[in-house]
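This report walks through a model with the sequence and the coordinates side by side.

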Amino acid sequence: MKVITAYCNLRADRCLVNGEVVAERDPASEDSWFKQIYKKHALAYPKFYKMDVLSQAGYLASELIKKANPGLVDAYADDEIALIFANATSSAETDRRFKQSYEEAGTPSPSLFVYTLPNIVLGEIAIANKWYGENMFAVLPKFAPGFYLDYGQILSSSGSRALLCGWLEVTATGTDVFLFMVEERETGPAFSHDNLLQLSQAREAAAI
Amino acid sequence: MIYVGAEVIVSPLGNNAEDNWQALSANRSGIALVPAAGFSGEDIHLARIGSLAGPLRFQQLIVNALTALISRIDAAIVPSNRTLVLISSTKGALDDDMNDQFNATCALLQQHFGLAHLPLVISNACISGVLTLNVAANMVKAGQYEHVIVVGCDVASDFVLYGFQSLFAVSDKPCAPFDAARNGITLGEGCAAVLVSGTGSVFENAPLELLAGASANDANHISGPSRTGEGLVRSVKRTFETHGVSADEIDFVCAHGTGTLFNDEMESIAFDRLSLADKPLNSLKGYFGHTLGAAGVIETAVCMQMVRNGMLVRSLGYTDAGTSRPLNIILKNEPKILNTILKTASGFGGGNASLMIRNI
């Protein structure tokens, strides 16, 4: 059966992998929250610094999932892991910054423009992992398990053996990132509506 | 069988598929020089819809296209629980509300057309249209819906024009896909809609068959095409394999052909690797400009018109070979019976997608 084998919740001040806190924001740090996570986990991928916030969030969450679950992706060919991502505001945060570059800073910034599409994060994850599989980015009013279940079923029946799914909302006012891996297993939390709702809201044990 | 039909095209060339077809038959382009449109006040070639003005242009275009589509199908399916609307777009209503580029439009469409489900937006850069048609076919095949209406729409905004200018990717003449002197894209705007369905009888005119294809990432660069065409090759190979079709059976290739040096070169390498280099091929960007999220749906709708009218349409803007691998670019309109055609798309984020249309 299809099972959620790993997941990451990245919020405004905490980052959790499989329900365990793996980073806490230091408000005194000069580094951005995402940069704090990058440094804390000693990730070595200089392209990270060029990415917009959406791509940074997707990259971090996918790397942390892999780190906490060694061997997770090794069992797959380079085109067998499909990426299914969604959010509510598309690339609005970077869109706003790109518009500022030509309205206020005097010239349209090419390095911002290339991130004014929500699917760029899928490209970044594909590049970082050399994955040639299926990609899809949708814009929905809110996190909707049915979207992932429906499209996951379609991709699973057309050759994708694993799914890396994500809800990726990073705006000036909030961070709500939930990435999860779906694989074929005998046991574990089923890839279901209720489990997705519950895990998307996961809190660390101490806070419950 | 998955059917596709009732195609509608709203573009600078007309408000329905037939008017667009008349323009294409006459090799008329929708591209015109727009004075002072550029970031520094330069004159820029654009494919803009003259009659489209004011706020809510994205919404207006979709409402017009959907209204036209509904008049060509059994309207009883529109409010059905078994019907979904998919929207393919990159920047949606960005000019109206940057923080809500899609959701307000979707809510309005649901109410205006009495839809059972909120439309779903797919936003995958320039492959959005082809990808969305594939999603639609797969949803019908999986039994998730019986009918999926696919709408592709993007408006030409200053935002996107200035962005492509910042990348030095805007052509100084109407774009010239695959031509030796090509030097960039021409931005366009437009909207197309088709119905994808498992029921052939809901179409007013005979539908065609949609053979859903695969998508594949280049895993190479977010804004630069692969040098080997690897993602496009993988996408087309899987599309062929899924349906047991070989390159020999393809009567025509409707390429992506943006008119940038690197994109068109990448496609020539991929088509060569796929043994498709001798197939009649065109890019439709010389007629419509690059309509981004709408492109795949507009161009597939044109392919459907080509099949219906038995005609290969000239690749406008092309005169001299300009890619390292020779391609069989269509130099003039030519009557031909078309049974199986291939449509491809490639875009930012490294995406590649393909599908096939077959005459029934």
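A residue is called buried here when its relative accessible area is under 20%. The model is a predicted one, and what follows should be read with that in mind.

By this cut-off, nine of the ten residues of strand 6 (residues 162-171) of chain A are buried, so strand 6 of chain A is largely enclosed by the rest of the structure. Strand 6 of chain A pairs with strand 4 (residues 81-87) of chain A in the parallel sense, over six bridges, and within the elements concerned A:A86 stands opposite A:W167 of strand 6. Strand 6 of chain A also pairs with strand 7 (residues 174-184) of chain A, in this case in the antiparallel sense and over nine bridges, with A:L163 standing opposite A:V182 of strand 7. Strands 6 and 7 of chain A form a hairpin, with two residues between them. In general, the strands of a sheet pair through backbone hydrogen bonds, either parallel or antiparallel.

Chain A contains seven helices and seven strands, and from the N terminus on its elements run β-β-β-α-α-β-α-α-α-β-α-β-β-α. For the 208 residues of chain A, a compact globule would have a radius of gyration near 17 Å, and chain A has 17 Å, which agrees. The secondary structure of chain B comes to nine helices and 17 strands. The radius of gyration of chain B is 19 Å, close to the 21 Å that the globule rule gives for 360 residues, so chain B is as compact as a globular protein of that length.

The table sets out further values for each chain.

| Property | Chain A | Chain B |
|---|---|---|
| Span of the C-alpha trace along the principal axes | about 55 × 40 × 35 Å | about 50 × 50 × 40 Å |
| Buried residues | 59% of 208 residues | 66% of 360 residues |
| Accessible surface | about 8,500 Å² | about 11,400 Å² |
| Share of that surface belonging to carbon and sulfur atoms | 51% | 51% |

Leaving aside neighbours within four places in sequence, A:N69 is in contact with A:T5, A:A6 and A:N18. A:N69 and A:N18 are 51 residues apart in sequence, yet their C-alpha atoms are 9.5 Å apart in space.

**Strands of chain B**

Strand 8 (residues 190-197) of chain B is mostly covered, eight of its eight residues being buried. Which strands pair with strand 8 of chain B, and in what sense? Strand 1 (residues 3-10) of chain B pairs with strand 8 of chain B in the antiparallel sense over six bridges, and in this pairing B:S197 of strand 8 is the bridge partner of B:Y3. Strand 6 (residues 147-154) of chain B is likewise antiparallel to strand 8 of chain B, the two being joined by eight bridges, and here the bridge partner of B:V148 is B:V196 of strand 8.

Elsewhere in chain B, three strands make up an open sheet in the order 2-3-7, with mixed pairing. The edge strands of this sheet are strand 2 (32-34) and strand 7 (187-188) of chain B, each of which pairs on one side only. Strand 3 (residues 44-47) of chain B runs parallel to strand 7 of chain B and is joined to it by two bridges, and B:G188 in strand 7 is the bridge partner of B:A47.

Notes
Residues are numbered from 1 along each chain as its sequence is written. Chains are lettered from A and ligands numbered from 1 in the order in which they are written. This is a predicted model: local features need pLDDT of at least 70, side-chain atom pairs count only at pLDDT 80 or more; totals for chains, interfaces and linings use all residues. Side-chain values use heavy atoms; hydrogens and water are left out. Buried means under 20% relative accessible area, exposed over 50%, partly exposed in between (1.4 Å probe, protein chains only). Helices (H or I, at least four residues) and strands (E, at least two) are DSSP runs, numbered from the N terminus. Two strands pair if DSSP finds at least two bridges between them. The radius of gyration is taken over C-alpha atoms; the globule rule is 2.2 Å times the number of residues to the power 0.38. Accessible areas come from the Shrake-Rupley method with a 1.4 Å probe; for residues, only the protein chains shown count as cover. Contact means heavy atoms within 4.5 Å.
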